[in-house]
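This report goes through selected local features of one structure. The sequence and model come first.

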Amino acid sequence: MKYACVHGHFYQPPRENPWLEEVELQDSAHPHHDWNERITEECYAPNTASRLLDGEGRVADIVSNYSRMSFNFGPTLLSWMERRRPGAYKAILEADRLGGERFSGHGPAIAQCYNHMIMPLANARDRRTQVLWGLRDFERRFGRKSEGIWLPETAADLATLEALAAEGVKFTILAPGQAKRVRRTGDKDWHDVSGGKVDPRRPYLCRLPGGGSIALFFYDGPLSREIAFNGMLNDGSVFMARLGGALDAEPAEPQLSHIATDGETYGHHHRHGDMALAYCLSNIEKSAGLKLTVYGEFLEKHPPRWEAEIWDNSSWSCAHGVERWRSDCGCNSGRQGWHQKWRAPLRSALDWLRDNLASIYEERAAGLLKDPWAARDAYIDAVLDRSEESLSAFFSAHAAKELSPEERLAAIRLLEMQRNAMLMYTSCGWFFDEVSGIETVQVMGYAARAAQLGRQAAGVDLEPGFLDLLARAPSNVPDFSDGRKVYGMFVKPAELDLLRVGVHYGASSVFERDPGDADIYCYGVKERDVEVLESGQQRLAVGRVGITSRITTESDEVSFVMLYLGGYNLLGAAREFMGAEAFSSMKDAMKNAFAAGSLADMTRLIDQNFPKGSYSLWHLFRDEQRKVIDQIFSGARTEISAAFRQIYTHHAAILDVTSRLRVPLPRGFSAAAEAVLNEDISAALAADPPDAAAIGKAAEVISRFSLGIDRGALGLTVAGSLNSLADAFAAEPGSSEALEKMAALLDAVAPLGLEMNLWRVQNIMFKSGLPAAAEKRRAADGGDGSARRWLDLFGRNSGRLKVKFSY
């Protein structure tokens, strides 16, 4: 009669560069490469194998939270995880399978509308496609159909619920404030439950105007807020008590205590939140009076006995319905004094672009695709599998005729135009405070890509009209003025074509000498003829490459020249291949000018042969740009490091004097000392085995004088080394080699007091180490000295890593 369910909405906005289809470097996520990577390490991956601690704070068990909770993952996030974190991705899929065994055949995962579009604000076509793509993406990944679906920001109206029911979706989860009125099935009178007064402990049936119906679960709002914002995750036992306490002592009907929060609550927003969740779920499983369940299982066992109606245009994160995504309603992320008057003009601009792109799509796709909109609905299969076989199957089903290569490319461009025209409505673009925010710039980027594809497919340039409308979106930042200027500053510079990919390859040629065939994000590059010359610091690369997009399949032969003059001076250009004879002549002329050291002649040749203009360091893709800058900086770094070390060594007496007199270190000397000590620690960590004495010496000085070290970067480096050693140990758990190196590293870094995310190495030690320890015990009892040595090392490491082990 008493059930509990925890739902996690695991989602990140699409962060991929719309032209590269990959997430570029994000400095704000330091020491990680980007926010997807950081949040995966803090939340998504730890929840696949969360640690349960004993009374002494040692790891006593490892459990998957996903297999015992209800959850959804954003499809675009799972796409990134599949490419970049396949281990965590596979563990999530496996957790759904295991959860299905636990919950009477009902997997705990549910689908999500594809790219987090606010559904009540979508037009009918987009609404349908978002549902179909979300369901199909789920089925392809989890190998089964989804019973429920998560609505972005739980934003709902009757048209959205109709769209879900039309595709066989059994249920969705809403906020209590979205319920308007309820009644027991069969009763005539309705009961007003507006203002969040709905009883969340039962499911409700919502009867729809079209004759269909869908089950609704209204989560417990106050309890969900306590967990997300009020510190309840500090204690897993309190978490469990509050879940159970929401139910009647002796309920007259089956009751469900359930919450819904952002999944990032469990590890990212709240450090170790995954462990509090694991403790709560594990103890509920042991409880005699409370049963864990998921929505699909509960719905099958206890169908709705009540009916509900909802407020149209309502959501969980805007007190004004869905106004947060179309007006200056007052909902924001807390920046005092800033308005959101930009929201309405931004949506109007995107609506104008969407409708014009739809007209282009219908007109141009009519002779290429049997039913252009049905083809768009089915295009998700090609998005999920970019292989030639998948594309061929798609066109076999949807092409209006046998398409020529040019027609096929045009059709793909039109379909990709439509994909980006949906991505540009990702809800995060309106959620925060400022039109120049990274989330809003991201949706503008999708709009720019959609407009570019429309221009390529139909020769119609919608960008000027779009920019005129963006100019009506005012910024809070005087330097940015309005949406048009933001677009020009942050979106337009990112736009690229195959020529810019050629420039990027040319820069790689200059600095990597011979990159050969290469994959540059979603582009494949085939080297045809590349030559690199050097003269002192100066380098010249002249070449011809074939470039193919794995997204649109467009390809071209590109000629490029890249000139590095030392320092920060990088000059390059690219064009469509000029022909063998012209290329050979240009190449010889550039080589002769370079050999003569004539910058004027080289610049003139670039201007003559490359009419589309030149490129500089600022035009490189962000990761390559950073790599080049690091190489450029290397000489300067060496000089700076030597200067700091000379200051530190020459004036080392300052340390003793200031310590004796108890006066602070001079600021300039502190800067030099921190630079030297950080460098010494990095060098000591890189040694094999790590130089514990050097680390200890540096740590003592750092502690005594309260000097700063880059604890985040060092902690990530050490955790990475420990993970690698743990992987080696898992491959050969009977060997002592990895254990010895692990012990040396843990001993070495102990004085630094680093905060490290050790969940992975702890899990490996627990899962691989404890079974191996049982065998080693038997061998040691028989007099095997090496087994005794292994057990000593394992015990030492277990103690450092707080893994429960007794020997």
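## Glu147 and its surroundings

The side chains of Glu147 and His106 make a polar contact at 2.9 Å; such a contact is a pair of N or O atoms within 3.5 Å, where within protein one must be able to donate a hydrogen and the other to accept it, and residues adjacent in sequence count only if both atoms are side-chain atoms. The model is predicted: local features need pLDDT of at least 70, side-chain atom pairs count only at pLDDT 80 or more, and totals for chains, interfaces and linings use all residues. Residues are numbered from 1 along each chain as its sequence is written, and side-chain values use heavy atoms, with hydrogens and water left out.

Glu147 sits in the loop that runs between helix 4 (124–142) and strand 6 (149–150). Helices (H or I, at least four residues) and strands (E, at least two) are DSSP runs numbered from the N terminus. With a relative accessible area of 14%, Glu147 is buried; buried means under 20%, exposed over 50% and partly exposed in between, using a 1.4 Å probe and protein chains only. Setting aside neighbours within four places in sequence, Glu147 has contacts (heavy atoms within 4.5 Å) with His106, Val169, Lys170, Phe171 and Gly296.

## Strand 4 and its partners

Strand 4 (residues 70–73) is buried on both faces: Ser70 and Asn72 point one way, Phe71 and Phe73 the other. Strand 4 runs parallel to strand 1 (residues 2–10), joined by four bridges, and is also parallel to strand 5 (residues 109–112), over two bridges. Strands count as paired if DSSP finds at least two bridges between them. Asn72 is opposite His9 and has Ile110 as its bridge partner in strand 5.

## Nonpolar cores

A nonpolar core is a set of buried Ala, Val, Leu, Ile, Met, Phe, Trp, Tyr and Cys residues joined through side-chain atoms within 4.5 Å. The largest has 124 residues, and Phe73, Met81 and Phe239 have the most contacts inside it. Apart from that core lies another, of 103 residues, including Cys318 and Val628.

Six strands form an open sheet of mixed pairing, in the order 7-11-10-14-8-9. Strand 10 (residues 204–207) and strand 11 (residues 213–218) run antiparallel and are joined by four bridges, with Ala215 in strand 11 as the bridge partner of Leu205.
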